[in-house]
Amino acid sequence: MATRPSAGVVTVMRRLAKGIARMELPAIEKISEERTGDAFQVLIGTMLSAQTRDPVTAAACTRLFGVARTPTAISKLSAKRIEALIYPVSFYRHKARHVIETCRQLVERFGGRVPGDFDELLTLPGVGRKTANLVMIVAYRSDRHICVDTHVHRIANRLGWVRTRTPDETEAALYAVVPKRWWAAVNLHLVTWGQNVCRPVFPRCGSCVIRDHCRRVGVVREARA
Ligand code: SF4
């Protein structure tokens with residue numbers, strides 16, 4: 001459920017844009033930057049990244065794409081081989097099967113290309129709203145999507161922008177709260193802030209540049225200064 005649109009949203013986004021300038025990029029943005037926006041590698045990287053730390057995702061992508069970097073090449077690998085390449089990402093067995101089946105469908109249904117259409121992306125195995133939104137934003141430079149992962153969900157609630165129980169609810173609520181020109185930036189800004197400052201446990205509120213715009217909903221303990 002959305003609360004009221006916050007007049008401070010734009011201020012927060014502008015401050016975060018400056019605040020994250022010297023911070024390391026999240027794994028998928030880094031993959032996109034290093035691979036010049038390769039939609040296929042962004043898609044597979046995002047599938048692997050679920051509930052997995054960024055360094056683990058990045059290393060798994062390097063190993064996998066070092067062996068095979070196209071849907072055709074990966075679809076020819078065995079599930080066991082992919083499992084070994086992506087281990088220790090979480091749910092690596094499950095993800096290996098989704099990666100193979102997605103690659104097969106990309107070859108058979110889309111001529112080996114990643115569709116630049118949100119609804120078509122959702123038809124691929126293992127691709128949910130988070131992955132489809134991120135591919136649209138990062139690989140296809142769409143400004144019509146907001147990608148919500150666990151960091152965005154947590155911080156949007158702490159800030160008081162939304163009052164929601166799930167990332168999907170948060171995504172729906174944020175479209176009403178965040179001005180459209182900032183939609184595509186929400187993920188990069190809040191994920192980077194969530195990895196460095198507004199961490200799940202012991203957020204660094206004392207050194208947070210948006211503290212005066214944050215209601216700190218649900219924060220009971222913060223990191224010592
Ligand atoms: S003030 Fe604390 S809870 Fe609010 S965004 Fe900053 S680190 Fe997160």
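The legends below describe close-up views of a predicted model.

Residue numbers start at 1 in each chain and follow the sequence as written, and side-chain values use heavy atoms, without hydrogens or water. In this predicted model, local features need pLDDT of at least 70 and side-chain atom pairs count only at pLDDT 80 or more, while totals for chains, interfaces and linings use all residues.

**View 1. Helix 2 packs against helix 3.**
Helices here are DSSP runs (H or I, at least four residues), numbered from the N terminus. Helix 2 covers residues 27–34 and helix 3 covers residues 39–49; their axes are 9 Å apart and the packing angle is about 160 degrees. Axes are lines fitted to C-alpha atoms over the stretch in contact, and angles run from 0 to 180 degrees between N-to-C directions. Helix 2 and helix 3 are therefore roughly antiparallel (angles over 145 degrees count as roughly antiparallel, under 35 as roughly parallel, 65 to 115 as roughly perpendicular, and the rest as oblique). Ile 28, Ile 31 and Ser 32 of helix 2 make the contact with Gln 41, Val 42, Gly 45, Thr 46 and Ser 49 of helix 3, where contact means heavy atoms within 4.5 Å. By class, this contact has three nonpolar, five polar and no charged residues. Ala, Val, Leu, Ile, Met, Phe, Trp, Tyr, Cys and Pro count as nonpolar, Asp, Glu, Lys and Arg as charged, and the others, Gly among them, as polar.

**View 2. Helix 3 also packs against helix 7.**
The axes of helix 3 and helix 7 are 10 Å apart, at an angle of about 155 degrees. That angle makes helix 3 roughly antiparallel to helix 7. Their crossing is right-handed. On the helix 3 side, the contact is made by Phe 40, Leu 43, Ile 44, Met 47, Leu 48 and Ser 49; on the helix 7 side, by Lys 95, His 98, Val 99, Thr 102, Cys 103 and Leu 106. Eight of the contact residues are nonpolar, three are polar and one is charged.

**View 3. Helix 10 crosses helix 11.**
The axes of helix 10 and helix 11 come within 9 Å and cross at roughly 60 degrees, and the two helices are therefore oblique to each other. The crossing is left-handed. Val 152, His 153, Ala 156 and Asn 157 of helix 10 meet Pro 167, Thr 170 and Leu 174 of helix 11. This contact has four nonpolar, three polar and no charged residues.

**View 4. The largest pocket.**
A pocket is found on a 1 Å grid over the protein atoms alone, as an open set of points with protein on both sides within 12 Å along at least five of seven lines; its lining residues have an atom within 4 Å of a point. The largest pocket holds about 860 Å³ of space. Such a volume is the space filled by probe spheres set on the points, which are joined across faces, edges and corners. Of its 35 lining residues, Ser 49, Ala 50, Gln 51, Lys 130 and Asp 149 are the closest to the centre. Among the elements that give two or more residues to the lining are helix 4 (54–67), helix 7 (92–110) and helix 12 (183–196). Helix 9 gives the largest share, five residues. The lining has twelve nonpolar, 14 polar and nine charged residues.

**View 5. The second largest pocket.**
About 220 Å³ of space lies in this pocket. Helix 2, helix 9 and helix 12 each supply at least two lining residues, and helix 12 gives the most, with four. Leu 25, Glu 29, Leu 134 and Asn 187 are among the lining residues. By class, the lining has seven nonpolar, two polar and three charged residues.

**View 6. The largest cavity.**
A cavity is a set of grid points where a 1.4 Å probe fits but cannot get out. A search of the whole structure finds one cavity of 30 Å³ or more. The volume of the largest cavity is about 120 Å³. Of the 14 residues that line it, the closest to its centre are Cys 198, Cys 205, Cys 208, Cys 214 and Arg 216. The lining has ten nonpolar, no polar and four charged residues.

**View 7. Two backbone details, at Pro 88 and Phe 202.**
Tyr 87 and Pro 88 are joined by a cis peptide bond, with omega about 15 degrees. Pro 88 is in the loop between helix 6 (79–86) and helix 7. Phe 202 is not a glycine, yet has a positive phi of about 50 degrees; Phe 202 lies in the segment after helix 12.

Methods:
A crossing is left-handed if the near helix is turned anticlockwise from the far one by less than a right angle, and right-handed if clockwise.
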